[in-house]
Amino acid sequence: MIAQDGTAAAVRPNGSIVSPSNAAPRKETISLYVTGLGSTNPLSLEGDAAPIDALARTILPVKVVVGGVESPRVGFSGLAPGFSGLHQINFEAPSTPVVGVLDIKLIVDNRESNAARLAVR
């Protein structure tokens, strides 16, 4: 999900929102919230909240690219537990050669998303 200013909906492990004043350190695990990643296993019925006791993982693999560098690890990609239609991606912020507010894109089934912005330090 992208805010009007193009900022990605991302959260650090302590629950704080990633922003230019609270940039994510490289190699930190970030939770990114998006929609439209397709079907999950187990399948979730439209309108139902995602289960909290069994993770509903995306069927298609998801890659995260920050500042042109692919994340070395996507630990989870699926429905955000307890939410309806909201996907969560937990990924390691890559060691980019530059820091600041960088483009973040997803690649799902060889299709690239529009860019959002993510602050990395």
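**Reading strands, turns and a pocket**

Tutor: Strand 9 gives the most to the lining of the largest pocket, with four residues. Please keep in mind that this is a predicted model.

Student: Which residues lie nearest the centre of the largest pocket?

Tutor: Val-34, Thr-35, Leu-37, Leu-106 and Ser-113 lie nearest its centre, out of 22 lining residues. By class, the lining comprises 13 nonpolar, five polar and four charged residues. At least two lining residues come from each of strand 2, strand 9 and strand 10.

Student: How are side chains arranged along a strand, and with which strands does strand 9 pair?

Tutor: In a regular strand the side chains alternate between the two faces of the sheet. As to pairing, strand 9 runs antiparallel to strand 5 (residues 62–66), with five bridges, and Val-65 stands opposite Lys-105 of strand 9. Strand 9 also pairs with strand 11 (residues 116–120) in the antiparallel sense, again over five bridges; there Gly-100 faces Val-120 as its opposite residue. Strand 10 is a further antiparallel partner of strand 9, joined by two bridges, and Val-108 stands opposite Arg-111 in strand 10.

Student: How many residues lie between strand 9 and strand 10 in their hairpin?

Tutor: Two residues lie between these strands in the hairpin. Asp-109, in the turn, has a positive phi of about 55°, and Asp-109 is not a glycine. The relative accessible area of Asp-109 is 42%, so this residue is classed as partly exposed, between the limits of 20% and 50%.

Student: Which loop holds Lys-27, and is Lys-27 buried or exposed?

Tutor: Lys-27 is found in the loop between strand 1 (10–11) and strand 2 (29–34). Its phi is positive, about 80°, although Lys-27 is not a glycine. Exposed means over 50% relative accessible area; Lys-27 has 57% and is therefore exposed.

Student: Is the peptide bond from Asn-41 to Pro-42 cis or trans?

Tutor: One reads the angle omega, which is near 0° for this bond; the bond is cis. Pro-42 belongs to the loop between strand 3 (40–41) and strand 4 (57–58).

Technical notes
Residues are numbered from 1 along each chain as its sequence is written. This is a predicted model: local features need pLDDT of at least 70, side-chain atom pairs count only at pLDDT 80 or more; totals for chains, interfaces and linings use all residues. Side-chain values use heavy atoms; hydrogens and water are left out. Buried means under 20% relative accessible area, exposed over 50%, partly exposed in between (1.4 Å probe, protein chains only). Two strands pair if DSSP finds at least two bridges between them. On a 1 Å grid over the protein atoms alone, a cavity is a set of points where a 1.4 Å probe fits but cannot get out, and a pocket is an open set with protein on both sides within 12 Å along at least five of seven lines; lining residues have an atom within 4 Å of a point. Ala, Val, Leu, Ile, Met, Phe, Trp, Tyr, Cys and Pro count as nonpolar, Asp, Glu, Lys and Arg as charged, and the others, Gly among them, as polar.
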